[in-house]
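Please keep the sequence and the model in view while reading.

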Amino acid sequence: MSDEGDGTSRPAPPAEGQEIVDRIVADMEHLPLPARRAIMAPGVLEAIRQVPRHLFVPADVELQSREDRPLPIGYGQTISQPLIVALMTGLLRPQWGHRILEIGTGSGYQAAVLSHLVRHVTSIEVIAPLAARAADALAACGIANVEIHVGDGREGWAKGAPYDGIIVTASPPELPVELQSQLAEGGRLVVPVGRRDQMLKVIQREPGGAFATEEIIPVRFVPLV
Ligand code: SAH
């Protein structure tokens, strides 16, 4: 397929995305097999490749946007490490028909990655100026299937429930039961649980309504407030 001339083809994925993918692949070597499998799940790294991460960070850290580490985004919050974004994305087992709920929009980067994999993302952010900046960055990328709401995400977003997947990008001290109840059958909740020592967990709603829990790796997130 030619990229030249007709003006209708999509722009080539930014080289920045490829660099980030290369770093994720190098860094994931230390992760246990189930985590590496999630990162390598179909579409995940391709979605990362598509998103220009520099558009999701403030100007003062823009030069570090290609590094595989979290960066400050103001208001005491951070954009997650790309390795962790890839991991949590893969753990959701996203499919094109899915509707996903994210708690903790932050920069909007995780939502942008998901937008390339699923039908719709609803994302809740408690800090209004961050939500506004995230919305601008998503619009600048031409992403139209992410809906951002300002509010407390601890109760989820019942209006859009049930969801095929829920991702929490700040850490609640305990498993958020209210969020579990907003999962569709077969749906997966990906959440870092704990105060100081946090464990990234996946809770899957089984047919019949039971919940199965899987522990992935220890992580460090800002607290869900
Ligand atoms: N997913 C983000 C990372 C966000 S950091 C990204 O890709 O950049 C966690 C975010 O959760 C912060 O922006 C913080 O303000 C937000 N947050 C914390 N508690 C919250 C709550 N109760 N409801 C909604 N958002 C919350």
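In β2, Q77 is the bridge partner of G74. Helices and strands here are DSSP runs, numbered from the N terminus, with at least four residues (H or I) for a helix and at least two (E) for a strand. Strands β1 and β2 (residues 77–79) pair in the antiparallel sense over three bridges; two strands count as paired if DSSP finds at least two bridges between them. Strands of a sheet pair through backbone hydrogen bonds, either parallel or antiparallel.

The hairpin has two residues between its strands, and Y75 takes a positive phi there, near 60°. With a relative accessible area of 48%, Y75 is partly exposed. Buried means under 20% relative accessible area, exposed means over 50%, and partly exposed lies in between (1.4 Å probe, protein chains only).

## Basis of the model

The model is predicted: local features need pLDDT of at least 70 and side-chain atom pairs count only at pLDDT 80 or more, while totals for chains, interfaces and linings use all residues. Residues are numbered from 1 along each chain as its sequence is written, and side-chain values use heavy atoms, with hydrogens and water left out.

## The nonpolar cores

Which residues have the most contacts inside the largest nonpolar core? They are I39, I48, L87 and Y109, in a core of 50 residues. The largest share of this core, seven residues, comes from helix α4 (residues 82–91). A nonpolar core is a set of buried Ala, Val, Leu, Ile, Met, Phe, Trp, Tyr and Cys residues joined through side-chain atoms within 4.5 Å. Apart from this core lies another, of 14 residues, among them L101, I124, Y163 and A170.

Leaving aside residues up to four places away in sequence, I48 touches G17, I20, V21, I24, P82, V85, A86, Y109 and V113. Contact means heavy atoms within 4.5 Å. Helix α4 is mostly covered, with 10 of its 10 residues buried; P82, L83 and I84 are among them.

## An aromatic pair and a charge

The structure holds one aromatic pair. F56 and Y109 form this pair, which is edge-to-face, with 6.0 Å centre to centre and 70° between the planes. Rings of Phe, Tyr and Trp (its six-membered ring) pair if their centres lie within 6.5 Å; planes under 30 degrees apart count as stacked, over 60 as edge-to-face and the rest as tilted. The pair links distant parts of the chain, since F56 lies in the loop between α3 (44–50) and β1 (71–74) and Y109 in helix α5 (residues 109–115), 53 residues apart.

R53 lies over the face of Y109, at 5.7 Å from the ring centre. A charge sits over a ring if NZ of Lys or CZ of Arg is within 6 Å of the ring centre and within 35 degrees of the ring normal.

## The sheet of seven strands

An open sheet of seven strands has the order β5-β4-β3-β6-β7-β8-β9, with mixed pairing. Strands β5 (146–150) and β9 (211–219) each have a single partner strand, so one side of each is left without a neighbour in the sheet. On average, neighbouring strands are turned by 15° against each other, direction ignored. Strand β4 (residues 120–125) runs parallel to β5 and is joined to β5 by five bridges; one of the pairs is I124 with H149 in β5.

Helix α4 packs on the sheet, touching β6 (163–168), β7 (183–193), β8 (198–205) and β9, and its direction makes about 170° with that of β9. Helix α6 (residues 128–140) lies across β4 and β5, at about 165° to β5. Axes are lines fitted to C-alpha atoms, for helices over the stretch in contact, and angles run from 0 to 180 degrees between N-to-C directions.

## Backbone details in the loops

Most residues other than glycine have a negative phi, and most peptide bonds are trans. R93, in the loop between α4 and β3 (99–103), has a positive phi near 50°. The peptide bond from A161 to P162 is cis, with omega near 0°, and P162 is found in the loop between β5 and β6.

R154 also has its place in the loop between β5 and β6. R154 counts as partly exposed, at 41% relative accessibility. Not counting residues up to four places away in sequence, R154 touches E178, L179, L224 and V225.
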